[in-house]
Amino acid sequence: MSNSVFSVISRFVEEYRSSTPNKLKMIDAYLLYILLTGVFQFLYCVLVGTFPFNSFLSGFISCVGSFILAVCLRIQINPQNKRDFLTVSPERAFADFLFAHTVLHLVVVNFVG
Amino acid sequence: MYPFEGLFSLLVLSLVLETQALTPTHHLTTTDVARLQAVLSQPFTDLKSAYYSVVGLSKLGIFVADADETCRFINSNLDPSSVESLFYAAEASQALSGCEIPVTNDTRDLLLATVSEDSTASQIHQSVSALSALGLPLASQEVVSALKARISKEDNVLAIILALQTASRLSQQAELGEILEEIEDLAARLDDLGGVYLQFEEGLEATALFVSAAYSLSDHVDMEPPLKEDQVIQLVNSIFSKKSWDSLSEAFSVASAAASLSNNRFHVPVIVSAQGPAAVSHSHPFLQLQVTDVLCQPLSSASVLVESASAVASKSAILSQSRFTLHGVFELNFMASQPASGYYQFSVAITGDSRFVANHVELKVKVSTRVAINNMDLSVVDKDQSIGPKTTRVEYPTKAKASFMADSHQNFAMTFQLVDETTGVELTPHQTFVRLHNQKTGQEVVFVAEPDSKNLYKFELDTAERKTEFDSISGTYALYLMVGDATLENPILWNVADVVLKFLDEEAPGTIQAKTLYVPKPEIQHLFREPEKKPPTVVSNAFTALVLSPFLLLLILWFKLGANISNFTLSPSTILFHIGHAAMLGLMYVYWTHLNMFQTLKYLAIIGSLTFLAGNRMLAQKAVKRLTSQI
């Protein structure tokens, strides 16, 4: 059982390393970073307490929002999805990403207190 | 034919109903008149105050004690070159008997020269008054034309009032018609306050001077002033509402207004007030009314008539068209009509002189009586009514000899009747209370005795039902009956009997707590919101480092993946974009530390639009590069 799981995972990793373009790998690294940041914030909240609750919420929402926006960017940039995004060029996707981030950070900074 | 008659009778009815005139709400009492005299009798310091005092007191009908002394004072303070000084001296000397002011030709010429269009209305008034007081001849027609010119130039209230006063000194043959019309114009300028007061915005003095000037001119030309009765009463209210006066001139103006309102040919306001409280009883059967003018002088020619007197509660008429008799004050023996006790609405008319104003007055009169308690029966009734009630009759003011016992199986009952002592009519006073007082513990419980349909008062005490009021404390309670009412002359507090109440002992509290309502309560300590407990700084710092650590991981991963900036074109749009973007991130930091949302949005709009334009350019260039490299 574990054997098949292990083999699936290793095959997946191999596929990923070989067939994913570099750009996407960079975005994936960014996604990992965001994920870890969010997890560590949550860990703090669980272990120590929710004292400035608004700050925790704003930080966590920031992570979640950034993660979502990065995922969107990755989807839109991926050349394999080109057919789904005929009107959206990669540059346009990046510009949308930046704009959405501006709005997100405005809200986050307002809430962090 | 018929509808026309109906309309006509409706019109007559409406006219009849309209005659609900005002009556004065403010007037001078005898103490106020005395105070006015005292103010005007103060020792005078200069000619002006001498004028106010002497002339003011003469209007009130009082003459200065030492006329010679005053005359000498006037003569010594007189300045013959000043019109104002001559005016004060002339008027004051006229009020004193046997006081002469020496008049020279120069004085006369000065006064006559002041009568012209170039002098102010005040100066014309002073010179004309001085001339007439000193008995010097003057040309009335010239004065009239000068006054008319001044009125049109100085359109203020005070000037017109002085013009009216001046006109009353002129010959009756002069054409005073236009000046007379000014009274109506001035009356239109009065402010109506709430339908009660009528006064000039210039104040009390102006209003009072207006009244005295208007009436003196109207008397002089023998034409009724165009003031309605209600307006006269409103003026009375305004002028006599102030009972202490700030200055001598104000007191003088009130005195002249009072004098002119009590003695002119057209309108004499009547002040009707009850002597003492407006109440009659068997011991005081006469209702006494004081009927005076505004100076509290009794009206000799008046005759007072009760048009109707009706009970307030039942609206049944008791009296109609009865005359008051004059024995010093106007009195009427109201008890002779045998009214029941209560309040009566009197409608009184004062006749005798066609000049009387506000001569219909409504009065509320109270008829009091003495109450007697009849048939006071006390009994202890068994609840299941197996044993008949034992009734004891008690006579007021004695106390029942035996005390009554009532426990939880019995009710204590009390019945009595309240009647008028003289007529025997049953009464229902406002307060009929039964008070039970425990002398040992000091407890007091009060109940209300209610009358039934036959006006028989009943009180029942159900021991079991009422045990909470008594706190279930058994013992001897003294029973009191309290009877009171506004129309009763003899309120009653009668210790009728002693009642021994037995409650089930288990429910009695150990000690009796006096109900302390008015002792200081325990102080409330305000609990300020405790600041939340913060974790130790070490922990916070550790976690901050932990949260920032993935960034390092990111940089390492990107480096390993081969991220570089080799494609960085140094075009202006690229540089501008990166600078703008960095500025936006910096703005976010500044927003967190210093700014509020509005300021941030303002800056963001500026930086953002720049960044957008630059970024748009940059990305377009990148897109072009990508597309060309693909092809």
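**Close-ups of a two-chain predicted model**

View 1. B:Q234 is part of helix α12, which spans residues 229–239 of chain B. Keep in mind that this, like every view here, comes from a predicted model. With a relative accessibility of 6%, B:Q234 counts as buried, since the cut-off for that is under 20%. Leaving aside residues up to four places away in sequence, B:Q234 touches B:L22, B:D192, B:G195, B:V196, B:Y197 and B:L198.

**View 2. An aromatic cluster in chain B.** Five residues, B:Y51, B:Y52, B:F87, B:Y88 and B:F252, are linked into a cluster by ring pairs. Over all chains, the count of aromatic pairs comes to 23. Take B:F87 and B:Y88: their ring centres are 5.4 Å apart and their planes meet at 45°, so this pair goes down as tilted. The tilted class lies between stacked, at under 30 degrees, and edge-to-face, at over 60. B:F87 and B:Y88 are both buried.

**View 3. Two charges over tyrosine rings.** Here we look at a pair of spots in chain B where a charged side chain meets an aromatic one. The charged end of B:R435 sits over the ring of B:Y480, at 5.0 Å from the ring centre.

**View 4. Strand β22 of chain B and its partners.** How many residues of β22 are buried? Eight of the 10 in this strand, which covers residues 475–484 of chain B, so described as mostly covered. Strand β18 (residues 431–438) of chain B runs antiparallel to β22(B), and eight bridges join them. Look for B:N438, whose bridge partner in β22(B) is B:Y477. Strand β23 (residues 492–501) of chain B also pairs with β22(B) in the antiparallel sense, over nine bridges. In that pairing, B:A478 stands opposite B:D498 of β23(B).

**View 5. An open four-stranded sheet in chain B.** The strand order in this sheet is β4-β6-β10-β9 of chain B, and the pairing is antiparallel. Which strands stand at the edges? They are β4 (271–274) and β9 (325–327) of chain B; each has a single partner strand, so one side of each is left without a neighbour in the sheet. On average, and ignoring direction, neighbouring strands of this sheet are turned by 35° against each other. At the β9 end, three bridges join β9(B) to the antiparallel strand β10 (residues 329–333) of chain B.

View 6. The peptide bond leading from B:Y396 to B:P397 is cis, with omega near -5°. B:P397 itself belongs to the loop between β15 (390–394) and β16 (404–406) of chain B. Next, B:C296 is not a glycine, yet it has a positive phi of about 60°. You'll find B:C296 in the loop between β6 (286–292) and β7 (303–311) of chain B. B:N375, also not a glycine, has a positive phi too, of about 55°. B:N375 is placed in strand β14 (residues 371–382) of chain B. With a relative accessible area of 34%, B:N375 is partly exposed.

**View 7. The helices of chain A.** Chain A contains four helices and zero strands, giving the pattern α-α-α-α along the sequence. An unreviewed UniProt entry annotates residues 30–49, 55–73 and 93–112 of chain A as "transmembrane region". In the model, residues 55–73 of chain A are 100% helix and 0% strand, with end C-alpha atoms 27 Å apart. Residues 93–112 of chain A are likewise 100% helix and 0% strand, and there the end C-alpha atoms are 28 Å apart.

**View 8. Both chains in numbers.** Chain A has 113 residues, of which 34% are buried. Chain B has 631 residues, with 42% buried, and its elements come to 17 helices and 23 strands. Now take the contacts between residues at least 6 apart in sequence. In chain A, 70% of such contacts join residues at least 24 apart. In chain B the share that joins residues at least 24 apart is 68%.

Note on methods:
Residues numbered from 1 in each chain as written. Chains lettered and ligands numbered in written order. Predicted model: local features only at pLDDT ≥ 70, side-chain atom pairs only at ≥ 80, totals over all residues. Heavy atoms only, no water. Phe/Tyr/Trp six-rings, centres within 6.5 Å; stacked < 30°, edge-to-face > 60°. Buried < 20%, exposed > 50% of the residue type's maximum accessible area, 1.4 Å probe, protein only. Lys NZ or Arg CZ within 6 Å of the ring centre and 35° of its normal. UniProt positions renumbered as here; feature names shortened; annotations may be inferred. Helix = DSSP H or I, 4+ residues; strand = E, 2+ residues; numbered from the N terminus. Pairing = 2+ DSSP bridges. Axes fitted to C-alpha atoms, helices over the stretch in contact; angles between N-to-C directions. Contact = heavy atoms within 4.5 Å.
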